[in-house]
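Here are my notes on this model, as numbered points. Please read them with the structure open.

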Amino acid sequence: MQISRGQAVLRTASQSRSLVLASRVRPLPIQRPLRRTLASTEIKDVPPPPSPRPSKFKRAVTIANRTFWLSLLAGIGSFYYVTKKDRTPGVQLPHDPQKKTIVVLGSGWGATSFLNTLDTTDYNVIVISPKNFFLFTPLLPSVAVGTLSPRSIIQSTRYVTRHKTRAVEVIEAEAQHVDVVNKTVSFIDNSAIQGELSATTIPYDYLVYAVGAEVQTFGIPGVTEHACFMKELHDAEKMQRLFLDCLESAAFHGQSEEEIKRLLHIVVVGGGPTGVELSGELHDFLEEDLKSWYPELADKIKITLVEALPSVLPMFSRRLIEYTVSTFKESKIDILTQTMVKEVKDKSVKLALPDKTVIDMPCGMVIWAAGNRGRAITQDLMAQLPGAQTNKRGITIDEYMEMKGTNGTIFAVGDCTSSSHAPTAQVASQQGAYLARAFAQRVKRDDLEAKVTELERSVAMILHDDERKKTQDELEGAKRQLAKFKIRPFTYSHQGTLAYIGSDKAIADLPFLNGSFASGGFLTFYFWRSAYLSTLFSLRNRTLVATDWVRTKIFGRDVARE
């Protein structure tokens, strides 16, 4: 059979494809199982690669993150616990007729410190004050310009008394008279709403006199009528309203340039910490807020600080005084030292300059922050003891806080006294705490005296010699203990002096080793804030003040007025 060329070509191509397919297919049954076997052998013999270790930075971030959240949860829990405990004081011991009664007049630094420290299990305590709250006076200038809310720097007196072991009676009333001979206190309810009984008299065994002082005007005409004081909470609120009144009156349509200049001139009288801090707060209010909301008036506001002494802040070191003066000069705050106020008028203040010339300085308002004097009830109390109380500046006390001439029944602390220490909040606070500890010592002394009296009575009644000798020995031991028992006198420990001077700057004069450490500037400002936060009496006050500082930093001060 003959095969054509085309058929031969097709057969050759078919055979070639068969060979190719055979070459591809035939090795597979042999090679695939072999490869699987090799792969499985390799997996069994070679260990898996180790997992990558996290870097040190990632570990540190993880630890820091966990620490932050744990600390945050712990802080929130502690905050909740403390606030819950503060709001639920619990049950107190009732009044005990067998205990002696301490009447406390006042609710300021001295009285509040005394109440905080006193162990009420030993006494019955009654508090009488026209205010039912404690006022943190160092931050009063901040309230005057709206940096802080008024409610942030006050703490109810009942917050202190309700956390004591024995119930303390708090009476919101004004004391009118103290009878030294009969040991009684008369007081009245002078509030807007009164009950059927609005005046009464109560007895006391001990009287803690801490009524403070009122503003000293030195008899200068017009101070009471036209000046704004900086002593109480309502003074700061009044000053804020008057200052905004000056601004709005100056912004009145058609007001003359001369009248605008007068209205925007603020005169601060008193170069102590209160006057200096108020001037600094006013400057901050101007720079941080008023320039935004009163741009047409801000550059015309003028602040003048008047001081009768040769320098401001005489309790600070010379270097800090010079730093304050230079800071005020940069802030364009005028300081007039050795300048006496002769009269305060409705639209001006009359000043006697160092060269004896007298000028009439136009101004919109005068803020009076100069000096203290005793209240009328203090003068009446001192008048009952003319032989022992001869100092016109205040009540004369000894080193145990006892009012001289009262035989250890009246004790006085704070600004109402005349002692070798300056009338500051720090002094009053330490005096109150000391007096509370001294009262605890008096309880021990009274117990020893009662024991001696009882043993003397027992010795006289015992007939058996051995028993009498035993009791006599016990009596002699009690007498020796009583003879050795002494109450330590008060010792003041100065913790330093702080003042805010504006522009986020403060000055601090602190005791350090045997000398002092003086500091001023931006970092001292934060120390000033932290020191005041730690001094506040409650967590509530600390939270409110810190929140107000943050609010003011973010949103500024409010320029609206009622």
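1. Start with glutamine 495. Beyond its neighbours within four places in sequence, glutamine 495 is in contact with Gln426, Gln430, Leu510 and Pro511. Bear in mind that this is a predicted model. Glutamine 495 sits in a loop, with α14 (465–484) on one side and β23 (497–502) on the other. Phenylalanine 229 is 266 residues away from glutamine 495 along the chain.

2. Next, the helix pair α4 and α13. Helix α4 covers residues 109–117, and helix α13 covers residues 425–461. Their axes come within 7 Å and cross at roughly 35°. The crossing is right-handed. From α4, the contact uses Trp109, Gly110, Ser113, Phe114 and Thr117. From α13 come Ala425, Ala428, Ser429, Gly432, Ala433, Leu435, Ala436, Arg437 and Phe439. By class, this α4–α13 contact has 8 nonpolar, 5 polar and 1 charged residues.

3. How many cavities of 30 Å³ or more does a search of the whole structure find? It finds 2. The largest cavity has a volume of about 50 Å³. The second largest cavity holds about 30 Å³ of space.

4. Which residues line the largest cavity? They are Gly414, Asp415, Thr417, Ser419, His421, Ala422, Pro423, Thr424, Val427, Ala428 and Gln431. Helix α13 gives the most to this lining, with 3 residues. Ala428 belongs to the lining of the largest cavity, and Ala428 also takes part in the contact of α13 with α4. The lining of the largest cavity divides into 4 nonpolar, 6 polar and 1 charged residues.

5. Now the second largest cavity. Its lining consists of Phe134, Phe136, Ile153, Gln155, Leu536, Phe537 and Asn541. Of these, 5 are nonpolar and 2 are polar. No charged residue is part of the lining of the second largest cavity.

6. What is the make-up of the pocket lining by class? It has 7 nonpolar, 3 polar and 11 charged residues.

7. Last, the annotation. An unreviewed UniProt entry gives "domain: FAD/NAD(P)-binding" for residues 101–432. Please cite this as coming from that record. Over residues 101–432, the chain is 30% helix and 27% strand.

Note on methods
Residues numbered from 1 in each chain as written. Predicted model: local features only at pLDDT ≥ 70, side-chain atom pairs only at ≥ 80, totals over all residues. Heavy atoms only, no water. 1 Å grid on protein atoms, 1.4 Å probe; cavity = no way out; pocket = protein on both sides within 12 Å on 5 of 7 lines; lining within 4 Å. Points joined across faces, edges and corners; volume = space filled by probe spheres on them. Helix = DSSP H or I, 4+ residues; strand = E, 2+ residues; numbered from the N terminus. Nonpolar A, V, L, I, M, F, W, Y, C, P; charged D, E, K, R; others polar. Axes fitted to C-alpha atoms, helices over the stretch in contact; angles between N-to-C directions. Left-handed = near helix turned anticlockwise from the far one by under 90°. Contact = heavy atoms within 4.5 Å. UniProt positions renumbered as here; feature names shortened; annotations may be inferred.
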